[in-house]
Amino acid sequence: MDLNDFISNFALQFDETDAEVFSKSTVFKDLEEWSSLTALSIIAMVDDEYDVKLKGDDIRNSSTIEDLFVIVKSRK
């Protein structure tokens, strides 16, 4: 499991935000496009790509993309 791949997959869930905006330190909740629907898309992407179940609390307790990556990686 690679952080850069995770960032790329994360970025694909956003339609209007440039991919260059996304890095391990991106505070995803501060993105203009962030919404509860985007959160559901992230949860679905993690389930499909990594076979890991994220919960709403996991997203609420994370600030950066790397925070989420660490959670997903710990459950692999």
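I took rings of Phe, Tyr and Trp (its six-membered ring) as paired if their centres lie within 6.5 Å. The structure holds nine aromatic pairs.

I note that the model is predicted: local features need pLDDT of at least 70, side-chain atom pairs count only at pLDDT 80 or more, and totals for chains, interfaces and linings use all residues. Residues are numbered from 1 along each chain as its sequence is written, and side-chain values use heavy atoms, with hydrogens and water left out.

I then looked up Asn9, which lies in helix 1 (residues 3–11); helices are DSSP runs (H or I, at least four residues), numbered from the N terminus. Asn9 is buried at a relative accessible area of 16%, buried meaning under 20% with a 1.4 Å probe, protein chains only. Its side chain makes a polar contact of 2.8 Å with that of Tyr50; here this is a pair of N or O atoms within 3.5 Å, one able to donate a hydrogen and the other to accept it, and residues adjacent in sequence count only if both atoms are side-chain atoms. Beyond neighbours within four places in sequence, I found Asn9 in contact (heavy atoms within 4.5 Å) with Met45, Glu49 and Tyr50.

Just after helix 2, I recorded a positive phi of about 55° at Asp51.

Methods: Helices (H or I, at least four residues) and strands (E, at least two) are DSSP runs, numbered from the N terminus. Buried means under 20% relative accessible area, exposed over 50%, partly exposed in between (1.4 Å probe, protein chains only). Rings of Phe, Tyr and Trp (its six-membered ring) pair if their centres lie within 6.5 Å; planes under 30 degrees apart count as stacked, over 60 as edge-to-face and the rest as tilted.
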